[in-house]
Amino acid sequence: MEVKAIFELPVHIWVTCAALDATYLTGYDKLRFNVVMPDARPPVGGPPPVLGAESRLELTGDQPIWAQEYSAHIPESLRPATALHRVVVTDVEGPTYDHKSWFTPEHQLAEYINRWFDEVRTWTEIVTGQDLDPNHRVYDAESVGAGLSFIEPPHDGALGIKITTPHVRPLRVEEWAYILGLVRDGNEPPLEEVLSRDARAAHRRHANRRAIIDAATAVEIVLGRHVRNHADRLPERQQRRINERTALGDYISIAEHNRLPLAVPAERLRTLNNLRNDAAHRGAAPGHWEAGNAVQVMIDFLSVHGLLRRKGTTEPDGGEWVLAIPESRDADETRPVEERSEADGG
């Protein structure tokens with residue numbers, strides 16, 4: 001049986017409009033499938049040319065949103081961009097199991113699609129900085145005084161609403177294809193990048209202690225790797241300080257004492273370490289500003305010393321940074337299916 005389905009993303013993902021109206025290879029675990037992107041027809045996009053896609057949603061009587069542009073600051077070089085809401089899944093292929101014949105590709109897709117999205121959104125958050133947590137969203141509009149009922153002067157409901165225009169870095173075509181391929185192949189992001197994502201998300205939600213601890217742990221992983229990579233250049237006494245129990249403060253001391261190159265001054269790293277120790281071991285309640293500084297130290301350090309390096313900003317306002325895709329991956333896999341077919345004469 002041919003399996004085709006429409007999947008509504010739990011949280012919309014911003015992509016450049018050039019990524020629309022194309023088919024991409026992806027999968028999860030042993031399941032393989034294609035993601036067919038909608039087109040950009042205004043105002044809410046349109047279904048891709050997959051038989052049955054348009055009529056399936058018309059049965060509900062609602063106008064489905066496929067892709068819609070919201071108010072946001074988008075870097076000039078990435079315009080036009082849109083928020084992706086729905087995709088079509090086709091060409092679903094999965095293994096068969098004699099001991100559970102009911103577990104068909106259709107059931108496998110139903111079992112794995114949300115896990116697939118979680119992997120895709122994690123990579124997207126790492127690459128672009130978008131906040132895509134479906135369980136604890138950060139909204140651009142916030143009521144002021146919701147839940148209040150004033151006795152004098154008499155008034156019910158919120159006194160106003162705060163509206164912010166977010167800065168969004170949408171995914172480029174090659175990044176979208178690359179991420180879908182990474183998820184298909186089961187490639188997980190480096191732990192420090194997941195912690196970086198978590199620290200930034202915690203800071204946005206005013207979970208300051210969590211933000212500081214995750215930021216410091218991410219830096220500890222990367223700085224530890226940086227120091228160990230230079231261990232053969234260190235005096236023997238300094239080498240003996242490096243073991244499985246070496247902590248962030250020790251790594252900072254070793255790096256500073258031996259003048260190892262650091263993208264962030266040692267003083268800022270020590271401040272981060274002190275914030276982490278106070279929060280984790282002394283029950284300190286850090287402020288939002290302190291957490292923000294900790295997160296910024298982490299971002300600056302990982303950008304240069306992490307496994308996923310960042311290129312410099314390309315926009316005057318600094319609103320865009322670019323993830324340097326490792327050259328080891330086949331560049332042909334970062335193109336949509338149709339582009340590869342045309343380029344290869346297929």
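1. Secondary structure. The protein chain holds 10 helices and 11 strands. Note that the model is predicted.

2. Burial and surface. The protein chain has 346 residues, and 45% of them count as buried.

3. Contact range. Take the contacts in the protein chain between residues at least 6 apart in sequence: 68% of these join residues at least 24 apart.

4. H2 against H3, geometry. Helix H2 spans residues 105-128, and helix H3 spans residues 173-184. Their axes come within 9 Å and cross at roughly 135°. H2 is therefore oblique to H3, since only angles over 145 degrees count as roughly antiparallel. The crossing of H2 past H3 is right-handed.

5. H2 against H3, residues. From H2, the contact uses Trp116, Glu119, Val120, Trp123, Thr124 and Val127. H3 supplies Glu175, Trp176, Ile179, Leu180, Leu182 and Val183. By class, nine of the contact residues are nonpolar, one is polar and two are charged.

6. H4 against H5, geometry. Helix H4 covers residues 191-204, and helix H5 covers residues 208-229. Here the axes lie 8 Å apart, at an angle of about 160°. So H4 runs roughly antiparallel to H5, as angles over 145 degrees are counted that way. H4 passes H5 in a left-handed crossing.

7. H4 against H5, residues. The H4 side consists of Leu191, Glu192, Leu195, Ser196, Asp198, Ala199, Ala202 and His203. On the H5 side are Asn208, Arg210, Ala211, Asp214, Ala215, Thr217, Ala218, Ile221, Val222 and Arg225. This contact of H4 with H5 has nine nonpolar, four polar and five charged residues.

8. Arginine 276, neighbours. Which residues does arginine 276 touch, leaving out those up to four places away in sequence? They are Ile212, Ile213, Ala216, Thr217, Glu220, Leu248 and His281. Thr217 is also one of the H5 residues in the contact with H4.

Conventions:
Residues numbered from 1 in each chain as written. Predicted model: local features only at pLDDT ≥ 70, side-chain atom pairs only at ≥ 80, totals over all residues. Heavy atoms only, no water. Helix = DSSP H or I, 4+ residues; strand = E, 2+ residues; numbered from the N terminus. Buried < 20%, exposed > 50% of the residue type's maximum accessible area, 1.4 Å probe, protein only. Contact = heavy atoms within 4.5 Å. Axes fitted to C-alpha atoms, helices over the stretch in contact; angles between N-to-C directions. Parallel < 35°, antiparallel > 145°, perpendicular 65-115°, else oblique. Left-handed = near helix turned anticlockwise from the far one by under 90°. Nonpolar A, V, L, I, M, F, W, Y, C, P; charged D, E, K, R; others polar.
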